[in-house]
Amino acid sequence: MRIPTPADFRELESWGLLADPMAAVSDYSDERARRREDNERHCRARAEYEANADETFVADSQAYYRDLDRPIDRTKWAYLKRRKAWFHPPVEWGRFAAPGTSRILDAGCGDGDGTQRVADFIAGRWRAAGYDGFPLEIVGADLSASRIENARRHTESPHEKITLRFEQDDVAAGLDYGDDFFDYTLAMGFFEVLDERFDDALSELERLTAHGLYVRDILEDYPGLSARPDLDDALAERGFDVVARHRIFEEPFTESGTEDPLAVWPMNVHQVLFGAVRDPVAHDTRY
Ligand SMILES: C[S@@+](CC[C@H](N)C(=O)[O-])C[C@H]1O[C@@H](n2cnc3c(N)ncnc32)[C@H](O)[C@@H]1O
């Protein structure tokens with residue numbers, strides 16, 4: 001990825017997310033997904049990605065992330081934060097800003113750009129409502145020490161009542177928090193990188209989540225990633241009511257190829273789910 005320029009940032013602005021942060025949801029249709037196959041640039045990008053997929057990642061993504069050493073500079077971090085906003089629409093995020101939310105976990109938080117977006121969203125909602133907020137801690141946990149370093153370096157609390165904290169940890173092995181410790185948990189591109197450890201990771205998020213789980217995950221075959229079309233059933237079996245499920249493209253649909261000036265990824269199809277805990281424990285019995 002080359003260094004993004006101001007023109008690249010302006011190009012992302014033209015995606016219209018400021019006016020409609022959920023634009024990806026209405027942009028997707030199954031018919032368009034089929035039409036991607038006539039899109040030469042998309043097909044080429046997919047073929048190139050498949051041919052060049054990192055062998056270490058494909059063989060063992062857990063080892064790959066654990067050993068990763070990839071500092072990211074501020075400009076790239078900021079570009080990817082805006083770029084990924086397309087395929088992480090704020091589905092049901094209004095719940096995070098409601099009074100009573102005091103802890104959120106971002107599982108597999110990577111460089112913390114998504115964590116930052118969640119914090120910014122909540123602070124924005126509070127300010128728009130003329131509300132002072134309440135103490136809220138957002139914890140990002142990731143297997144990669146290098147990514148946790150990036151997250152600590154680049155994130156910044158957008159509000160005096162919001163604390164951002166990052167820890168290197170293995171979510172699938174279990175985190176050192178009590179049951180229902182977090183009001184909400186996030187799994188953005190997290191389940192997709194897990195193979196046989198997926199069940200353990202989902203069990204752990206089920207254990208830690210008091211109210212709801214937001215998921216964004218790939219929905220088609222991709223080297224090293226696991227697509228789970230039945231993820232909604234898996235969530236339902238773990239006590240979540242799936243109150244929202246959307247298919248989205250990784251970037252705005254276009255006949256000609258890609259709208260992303262840096263062409264970071266092909267136009268893959270993903271799913272975004274929100275699982276509300278069916279029988280939430282009463283707030284005052286949790287802490
Ligand atoms: C595809 S990246 C997504 C990162 C970020 N959530 C985002 O949306 O950009 C997957 C992340 O999951 C992390 N990860 C993989 N296995 C993990 C595990 N067992 N525990 C915690 N994090 C893990 C990786 O280190 C990586 O940062």
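A salt bridge is a side-chain nitrogen of Lys or Arg within 4 Å of a carboxyl oxygen of Asp or Glu. I keep that cut-off beside me while I look through this predicted model.

**Entry 1: salt bridges**

I started with arginine 238 and found that it forms a salt bridge with glutamate 206, their closest N and O atoms being 3.3 Å apart. Arginine 238 sits in the loop between α11 and β6 (240–249) and glutamate 206 in helix α10, so this pair ties together parts that are 32 residues apart in sequence.

Next I looked up arginine 245, whose side chain meets that of aspartate 232 in a salt bridge (3.7 Å, N to O). Arginine 245 lies in strand β6 and aspartate 232 in helix α11, so here the pair ties together parts that are 13 residues apart in sequence.

I also noted arginine 32, which forms a salt bridge with aspartate 27, with 3.0 Å between the closest N and O atoms. Searching the whole structure gave me 27 salt bridges. Some are joined up: Arg36, Glu37, Arg46, Glu50 and Glu220 are linked in a network.

**Entry 2: helix α10**

Which residues of helix α10 (residues 198–208) are buried? I listed Phe198, Ala201, Leu202, Glu204, Leu205 and Leu208. Seen down the axis of α10, the buried residues fall within an arc of 160 degrees, so they line one face of the helix. I then asked what they pack against, and found β1 (103–107), β4 (182–188), β5 (209–218) and α11 (231–237).

**Entry 3: an arginine without a partner**

Arginine 117, in helix α8 (residues 113–128), is buried yet has no salt bridge. Its nearest side chain of opposite charge, aspartate 120, is 7.1 Å away, so the 4 Å cut-off rules that pair out. What I did find is a polar atom of the arginine 117 side chain 3.0 Å from the backbone oxygen of histidine 88. Beyond its neighbours within four places in sequence, arginine 117 is in contact with Lys81, Lys84, Ala85, His88, Pro90 and Trp93.

**Entry 4: around the ligand**

I looked at the 22 residues around the ligand and saw that Lys84, Gly108, Asp142, Arg147 and Met188 come nearest. An N or O atom in the side chain of aspartate 142 is 2.5 Å from a ligand oxygen. A polar side-chain atom of glutamine 62 lies 2.8 Å from a ligand nitrogen, and a polar backbone atom of leucine 143 is 3.1 Å from a nitrogen atom of the ligand.

Definitions and conventions: Residues are numbered from 1 along each chain as its sequence is written. This is a predicted model: local features need pLDDT of at least 70, side-chain atom pairs count only at pLDDT 80 or more; totals for chains, interfaces and linings use all residues. Side-chain values use heavy atoms; hydrogens and water are left out. Helices (H or I, at least four residues) and strands (E, at least two) are DSSP runs, numbered from the N terminus. Buried means under 20% relative accessible area, exposed over 50%, partly exposed in between (1.4 Å probe, protein chains only). Lys and Arg count as positive and Asp and Glu as negative; His and the chain ends are not counted. A polar contact is a pair of N or O atoms within 3.5 Å; within protein, one must be able to donate a hydrogen and the other to accept it, and residues adjacent in sequence count only if both atoms are side-chain atoms. Contact means heavy atoms within 4.5 Å. The arc is that of the directions from the helix axis to the C-beta atoms. A residue is near a molecule or strand if one of its heavy atoms lies within 4 Å of it.
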